[in-house]
Amino acid sequence: GPGQADMYAGLQELGVANGEDLKETLTNCTEPLKAIEQFQTENGVLLPSLQYALPFLDLHGTPRLEFHQSVFDELREKLLERVSAIALEGKVEERYKKLEDLLEKSFSLVKMPSIQPVVMCVMKHLPKVPEKKLKLVMADKDLYKACAVEVKRQIWQDNQALFGDEVSPLLKQYILEKENILFSNDISFLQNFFSPSPKTRRQGEVVQKLTQMIGKNVKLYDMVLQFLRTLFLRTRNVHYCTLRAELLMSLHDLEISDICTVDPCHKFTWCLDACIREKFVDNKRARELQGFLDGVKKGQEQVLGDLSMILCDPFAINTLALSTIRHLQDLVGQDTLPRESPDLLLLLRMLSLGQGAWDMIDSQVFKEPKMEAELITRFLPLLMSFVVDDHTFTVDQKLPSEEKGPIPYPSTIPEAFTKFLQENRIACEIGLYYILHITKQRNKNAFLRLLPALVETFSDLAFSDIFLHLLTGNLTLLSDEFALEEFCTSLFDGFFLTACSRKENVHRHVLRLLLHLHHKVAPAKLESLQKALEPTKQSGEAVKELYNQLSEKLELRKPSPAEVTETPSMELPLPTVPTPASR
């Protein structure tokens with residue numbers, strides 16, 4: 001059969017007899033047994049001592065094939081060891097000359113399954129496999145598959161399309177993994193999208209595979225970066241920016257200086273990585289990062305495109321935004337204005353560079369975005385005034401009240417705040433992080449006051465997956481408030497449901513939240529939510545699946561008719577006491 005022919009492919013070119021030769025010999029001879037014996041003698045293992053050993057093995061019923069196979073396997077192991085040894089010994093030119101000669105001799109047998117490992121091993125140790133051999137390997141699916149990654153790298157570096165085919169499914173997998181975390185059914189304020197450390201994230205399967213595929217090959221590294229830039233431009237998906245940073249840092253962990261030294265972002269990324277690990281930009285690192293930004297020389301502005309992509313990584317933005325909120329709180333305590341804090345200005349500078357990544361790479365105009373003065377002179381002081389409102393309210397609650405009665409929590413939002421969230425990207429990002437911050441502090445008053453500003457935000461940022469993932473996690477801290485009609489109406493009717501019908505992802509996040517907290521929601525409210533959240537014909541599988549899970553849970557909660565008819569209990573409803581906002 002064709003398999004047989006494959007098994008001995010190439011033997012004849014080397015002057016070694018194969019099955020076809022034996023068949024020919026037997027067809028054209030008068031004494032077949034003599035002919036077989038002669039064939040065995042001519043083509044057997046030429047060791048005098050074997051002359052007597054083989055008949056002895058025959059007596060024990062060991063087939064000659066089995067014997068030859070075991071000798072062969074033994075020899076192949078020795079040969080593989082020898083090839084690996086040659087690759088390390090003697091002068092560089094000499095060793096590669098030896099290997100090239102060996103490849104020349106053995107390549108015609110590359111289709112023989114028994115010999116293939118040896119040929120592959122020789123190629124693996126050659127830093128430059130002859131072009132002709134690479135073309136033959138590339139043209140044959142099975143050979144290409146059997147190749148060591150060292151050989152594939154040599155093929156890929158001159159075949160971007162083939163390399164793209166290998167990388168593409170990994171990038172799809174990476175994006176999917178990120179989305180699965182954002183939409184995970186486990187909702188918690190302790191464990192969220194940003195919990196894993198950078199080191200842990202770099203151990204992920206995709207990053208490891210890409211690192212392995214690239215090896216020390218700068219050309220392949222550049223190709224991957226080019227793919228990531230192109231995909232980021234095409235989709236605006238910021239997870240590609242995360243992968244850009246993770247890949248560089250994964251090569252950094254392995255100390256692959258061939259690549260790290262030529263990537264102009266290396267030191268900046270390394271420093272930022274340490275900040276992300278701490279979830280805070282301290283003063284010393286801030287100086288260092290500023291040094292890199294100020295050090296971009298005339299004629300090298302293109303590096304800003306790469307730096308902006310590194311800063312657009314959600315893990316970087318998260319770190320910069322959290323640091324900004326912390327700085328603002330400190331400034332309130334020190335009675336300092338935002339414009340007087342160089343550290344704060346640097347954070348804003350990096351935020352706007354990150355947020356401007358897409359525009360910069362798209363337009364190919366490499367200069368830092370201009371910071372709007374209003375952001376610093378009007379918006380940030382506004383946020384600081386909210387912090388002050390909270391302090392004042394908390395202090396007021398503690399003072400003995402005279403006749404004047406309790407002071408209500410300020411309920412209106414300055415119009416300027418809402419306008420900033422709609423029109424200014426950086427203001428919007430910081431505003432959203434401030435809202436996450438007060439939710440995490442269980443500050444219900446402040447949360448309900450600012451929530452209406454989220455209905456219309458810059459490019460719908462308040463309905464983005466990362467924000468909703470973090471918000472739903474933090475809302476579990478306010479779970480007791482879900483029993484209150486007013487709270488639910490503000491949160492669901494006033495915010496979530498305004499976007500559910502036009503944004504599938506919002507629909508999913510609300511269902512995630514209810515799956516987690518349905519037992520806290522007042523029954524009447526729950527019923528109207530169940531109606532409002534019913535999937536439509538256009539809804540995707542994920543929404544339908546979540547809705548069914550929720551419906552099942554609610555079915556189980558319904559009391560049986562027998563329980564309903566029991567006498568009403570005598571317990572009086574507890575009066576609701578306003579809780580002072582927690583600090």
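Modeller: Start with a definition: helices are DSSP runs of at least four residues, numbered from the N terminus. One more thing: the model is predicted.

Colleague: Which helix gives the largest share of the lining of the second largest pocket?

Modeller: H25 does, with six residues. The lining has 46 residues, and Val238, Gln355, Arg425, Ser459 and Leu461 are among them, nearest the centre.

Colleague: Why is the second largest pocket said to lie between domain 2 and domain 3?

Modeller: Domain 2 (159–372) and domain 3 (388–396 + 411–549) both give residues to its lining, so the pocket lies between them.

Colleague: What makes threonine 439 buried?

Modeller: Buried means under 20% relative accessible area. Threonine 439 has 0%, so it is buried. Threonine 439 is found in helix H25. Beyond its neighbours within four places in sequence, its contacts include Phe447 and Leu471.

Colleague: Why is the pair of aspartate 389 and arginine 449 called a salt bridge?

Modeller: The rule asks for a side-chain nitrogen of Lys or Arg within 4 Å of a carboxyl oxygen of Asp or Glu. In this pair the closest N and O atoms are 2.9 Å apart, within that cut-off. Aspartate 389 lies in helix H23 and arginine 449 in helix H26, so the pair ties together parts 60 residues apart in sequence.

Colleague: Are aspartate 389 and arginine 449 buried or partly exposed?

Modeller: Aspartate 389 has 23%, so it counts as partly exposed. Arginine 449 has 8%, so it is buried.

How values were computed:
Residues are numbered from 1 along each chain as its sequence is written. This is a predicted model: local features need pLDDT of at least 70, side-chain atom pairs count only at pLDDT 80 or more; totals for chains, interfaces and linings use all residues. Side-chain values use heavy atoms; hydrogens and water are left out. On a 1 Å grid over the protein atoms alone, a cavity is a set of points where a 1.4 Å probe fits but cannot get out, and a pocket is an open set with protein on both sides within 12 Å along at least five of seven lines; lining residues have an atom within 4 Å of a point. Helices (H or I, at least four residues) and strands (E, at least two) are DSSP runs, numbered from the N terminus. Domain bounds come from an automatic or database domain assignment. Buried means under 20% relative accessible area, exposed over 50%, partly exposed in between (1.4 Å probe, protein chains only). Contact means heavy atoms within 4.5 Å.
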